[in-house]
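Here is a short report on one structure. It starts with the sequence and the 3D view.

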Amino acid sequence: MSNLMESPMPMAEAVPSPEPITVPHVTTERIYRHRLLVRICHWLNVPCLFILIMSGLQIFNAHPALYWGDRSDRDKPLLSIRPMRTDSGELKGVTTILGRRFDTTGVLGYSNGMGRAFPAWATVPSARWLAAGRQWHLFFAWVFVINGVLFAAYSLYSHHFKKDLLPTGQDLKQIPQAVKDHLVLRHPKGDEARRYNVLQKLAYAGILFVVAPVIVLTGLTMSPTIDTAFPWLLTIFGGRQAARTIHFIACFSFVGFIVIHVAQVMLTGFFNNIGSMITGWFTVQQEGVKP
Amino acid sequence: MARRGFLKATVGAASLVALAGCDNLTQSSWFPGILQKAQGLTETAQWAITPANAMAKEYNEADISALFPANGNTDPGTQDYADMAQSNFAGWDVSIDGLVKTPMSYSLAAIKEMPARTQITRHDCVEGWSAIGKWTGVPLGDLLRAAEPLPTAKYAVFHCADVDEEGIAYYESMAVADCYHPQTILAYELNGLPLDVPHGAPLRLRFERQLGYKQAKYIQRIELVESLEGIGMGKGGYWEDQGYEWYAGI
């Protein structure tokens, strides 16, 4: 438990690399990067998000169209994913976004010989089964919310949010350079790797403190009971169907985040990154530091 | 590069195993029971933060859906019902019985003469869509008060005239406390016209704080009970017996 009280970034112990033969003047340093509670919250989110996203797609499949406002005008969806029969009689999957039609046969709208919006491999459970999808979704929504509230309270209380996640003015000025670095996959090394770079901070702070609250609140706005208790939810999100649309967009923001996050974890030292999220300790390589 | 390929394959395989695992758990005898525990938590939490008389949003005429979809059973399909429909439901009665002091029976005509409430509200289907309609009907609380429920009555069970293809009768239930909510009505009009058959003629429930499958159609009998056991498959409703939540507040 003492781990909880230690501050994550500055504590460092310099350990000379045992055999600094191949590259001269390289030392590796182990820093305590992720505190215990953060690590637990992180790993709880993995099954939560996996299940919430896929059971959410199961629920979406029950009425695979999105709208703005409070009601579903079926002739005016913002997005719909449906099977359609062509003139020759064969079934196709058609995704319509803002009136534009795309043939998405095989993945969206029609897959594996079945008319269904998202394919079986993307939903929990895999068969079309709304009742079970809702049970998965509403159970893990509780786990996700409790986990999120715990994390948010802790990171505000321990200054993890302010110190490590909230970009500073100096950080913001480095956005153009950071974008360039990321595009050529040049990753921070040495002292720069001790802390999150500005794009990392924006991604983490944005997903944790903007997208996650939005996805929870829009989920609650879809509850007719919650709407009676907090009618302002309908106002701020533009109606129940608008809330459903925002919930869907927030879901795919999570999907996008996860894809980039996992790719970056792999690109910047998979075992060091995974190890640090398990044990807390992260290895930084220092070049050109003379003993 | 080989390592990256290995990692990708590992992640892919893990996802497939996890998916298959979810399917197995869904089919198991014990796991859905754990998932369903969330329902009690949701119900308790929502009850705790929602004032008893918090009202569902009421909309304007301009907000009414051009087309209000009819879902579930759209025609009871029995000869009895067809005969009733033929005579404009002149012989339709609703009885209120079970755990009440004074069992009552109302004809449709008598219900239409009672003080009515009209509300333009949003119907939220469990599938995800919403439609807005103008409902007119008699507050259910008025009917219940006349029948004087006994203190032991916990649920109102709505017995309906519709049966599905397999002959299973539709029924629904709600907490007695919810029956007294001002917007809980037995509706006989939709958008200024008598209810049509697909929307539940001649009488259907409007319970504006919960999802569409709670809004029972073709209501013939309201039975007050202490427990839902022994009715249908015991879960409190036609859809509940098929795995949907009894508490349909979300």
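How many residues of chain A are in contact with chain B?

## Where the chains meet

The answer is 36 residues of chain A, which touch 42 residues of chain B. Contact here means that two C-beta atoms, placed from the backbone, lie within 7 Å. Four elements of chain A each give two or more residues to this side: helix 2 (36–62), helix 3 (130–157), helix 8 (224–229) and helix 10 (240–267). Helix 3 of chain A gives the most, with eight residues.

The chain A side divides into 22 nonpolar, eight polar and six charged residues. Nonpolar covers Ala, Val, Leu, Ile, Met, Phe, Trp, Tyr, Cys and Pro; charged covers Asp, Glu, Lys and Arg; the others, Gly among them, are polar.

## About the model

This is a predicted model, in which local features need pLDDT of at least 70, side-chain atom pairs count only at pLDDT 80 or more, and totals for chains, interfaces and linings use all residues. Residues are numbered from 1 along each chain as its sequence is written, while chains are lettered from A and ligands numbered from 1 in the order in which they are written.

## Chain A overall

Chain A has eleven helices and nine strands. These are DSSP runs, numbered from the N terminus: helices are H or I with at least four residues, strands E with at least two. The C-alpha atoms fill a box of roughly 75 × 50 × 35 Å along the principal axes.

## Domains of chain A

An automatic or database assignment sets the domain bounds. Domain 1 spans 2–35 + 158–287, and domain 2 spans 69–117. Their contact takes six residues from domain 1 and five residues from domain 2.
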